[in-house]
Amino acid sequence: MHSSAAATASAIAVPAAHVMAMPTPPARAMAQAPKLPGLARTQLSAAAQIGDTLSLIGEALAPQRRVVHAGDRIYQAGEAFACLHLMNAGFVKLVRLSADGREQVVSLKFRGDWLGFDGIAHGHYGCDAVAMDTGEVWSVRYDALVAASLRQPALLTVLHQAMSREITRDRDSLMSVCTLPADARVADFLRYWAESLAKRGLRTDQFTLRMSRAEIGNYLGMTLETVSRALSRLARDGIICFAEKGRREVQIPDVSALSAFVQRCLSPVADELPAAPTLQ
C-alpha cells in the first residue's frame, strides 16, 4: 500500500551510518590528486561535486533522513507537495500512471539526484517515487530551502544546477526513444547506467541492474522480448556478459564499446558502402 503524506512526514530520522554510501572526496582534494585521463578526471570531479552538495545540504538544512527499501514509496502522485528529496544512497525510479491505467517508468535517480521538482508548479507530486534498493533519502522542506538560499547563494546554485541536469537528462531520454533503434537504445541505457555509477565513484565493470527486463522495456518504450534480444546481441558481440549467478549481474569490460555500438547502429549503411574512387 502506498505511504501517505502524514506517514512520510513522520518518518523517524535514521543516522546516515546505518546505510552504506560511497565516501566522496571534497572538491579541494582534487587539486592534490594525481593526474588522470580526461574521462577519469571528469568522473572524479562529478563524485566530488555530489559529495560537496550533500555536505552543504546536510550542514545548512539538517534534512530529515529516511532509510528506504526496495518497493518503498518516498511519495506518490497526487500527494501534497511540501518537500524536495535528495538521494544519499540507493536507486529510485519515478513512475507515472497513464490515462488508461498503465504504469510508466519515466525517470531513474541515483545518489546525489533530487526528487520532487514536478511538485513545485502545481502543489502536488506528479509521479510515484519508488525505491529499487535499500538506500537513504534526505527530505528538506521547500520553503526552508528557499529561505536558506537567500542567506546562502550556494544553495540556490545547487538547486538550479540540479534542475538543469534534470531537464538535460529528460531531453536525452526523449532523443534516445525517438531516434535510436532497439539494440542501440538498450546499449545507450547500459552506458547511462554505467556512467552514472562512475560519477558516484562506484565500479562499472560489473554491477547489478536494479530493473527487470520488463521494467527496462517499459522505460525505453520496448517489449520485454525486444529487450532480451538486444541484451543477447550485445552479449554475443562481447560488449557485455552476464555473471553466472544471475542475469541481472552485468559485466561491461569497456563502457566506451557501448557508445561505439550505438554509433554503428546509427550509420550501418555508411559502413557498408564502398570507398569512393580516388580522382587521378
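## Sheet, helices and cores in a predicted model

Strands S2 and S7 are paired antiparallel over two bridges. The model is a predicted one. One of the bridges joins Tyr75 to Ala129 in S7.

S7 also pairs with strand S4: residues 92-97 of S4 and residues 128-131 of S7 run in the antiparallel sense, with four bridges between them. Within this pair, Leu94 has Ala129 of S7 as its bridge partner, and Val92 has Ala131 of S7.

These pairings belong to an open, antiparallel sheet of four strands, in the order S2-S7-S4-S5. S2 (73-75) and S5 (103-109) each have a single partner strand and stand at the edges, so one side of each has no neighbour in the sheet. On average, neighbouring strands in this sheet are turned by 30 degrees against each other, direction ignored. As background, the strands of a sheet pair through backbone hydrogen bonds, in either a parallel or an antiparallel way.

Which residues cover the two faces of S7? Asp128 and Val130 lie on one side, Ala129 and Ala131 lie on the other, and all of them are buried. Helix H6 (residues 213-220) lies across S4 and S5, and runs at about 90 degrees to S5.

### Burial of selected residues

| Residue | Relative accessible area | Class |
|---|---|---|
| Gly217 | 1% | buried |
| Cys127 | 8% | buried |
| Arg191 | 16% | buried |
| Cys241 | 29% | partly exposed |

Cys127 is classed as buried because its 8% relative accessibility falls under the 20% limit. Cys241, at 29%, is partly exposed. The number of disulfides in the model is zero.

Gly217 is part of helix H6. Beyond its neighbours within four places in sequence, Gly217 is in contact with Met222 and Val227. The C-alpha atom of Gly217 is 9.9 Å from that of Ala182, a residue 35 positions away along the chain.

Arg191 sits in helix H5, which spans residues 182-198. The side chain of Arg191 makes a polar contact of 2.7 Å with the side chain of Glu195. With neighbours within four places in sequence set aside, Arg191 is in contact with Val255, Leu258 and Ser259.

The largest nonpolar core contains 38 residues, and those with the most contacts inside it are Leu108, Phe189, Leu190, Trp193, Met211, Ile240 and Ile252. Two or more residues of this core come from each of S5, H5, H6, helix H7 (224-236) and helix H8 (255-266). H5 gives the largest share, nine residues. In general, nonpolar side chains tend to be buried together in soluble globular proteins.

Leu190 is one of the residues with the most contacts inside the core. Leaving out neighbours within four places in sequence, Leu190 is in contact with Leu209, Leu231, Leu234, Ile240, Ile252 and Leu258. Another core lies apart from this one and has 31 residues, including Leu86, Met87, Leu159 and Ala162.

Terms used. Residues are numbered from 1 along each chain as its sequence is written. This is a predicted model: local features need pLDDT of at least 70, side-chain atom pairs count only at pLDDT 80 or more; totals for chains, interfaces and linings use all residues. Side-chain values use heavy atoms; hydrogens and water are left out. Two strands pair if DSSP finds at least two bridges between them. Axes are lines fitted to C-alpha atoms, for helices over the stretch in contact, and angles run from 0 to 180 degrees between N-to-C directions. Contact means heavy atoms within 4.5 Å. A disulfide is a pair of cysteine sulfur atoms within 2.5 Å. Buried means under 20% relative accessible area, exposed over 50%, partly exposed in between (1.4 Å probe, protein chains only). A polar contact is a pair of N or O atoms within 3.5 Å; within protein, one must be able to donate a hydrogen and the other to accept it, and residues adjacent in sequence count only if both atoms are side-chain atoms. A nonpolar core is a set of buried Ala, Val, Leu, Ile, Met, Phe, Trp, Tyr and Cys residues joined through side-chain atoms within 4.5 Å.
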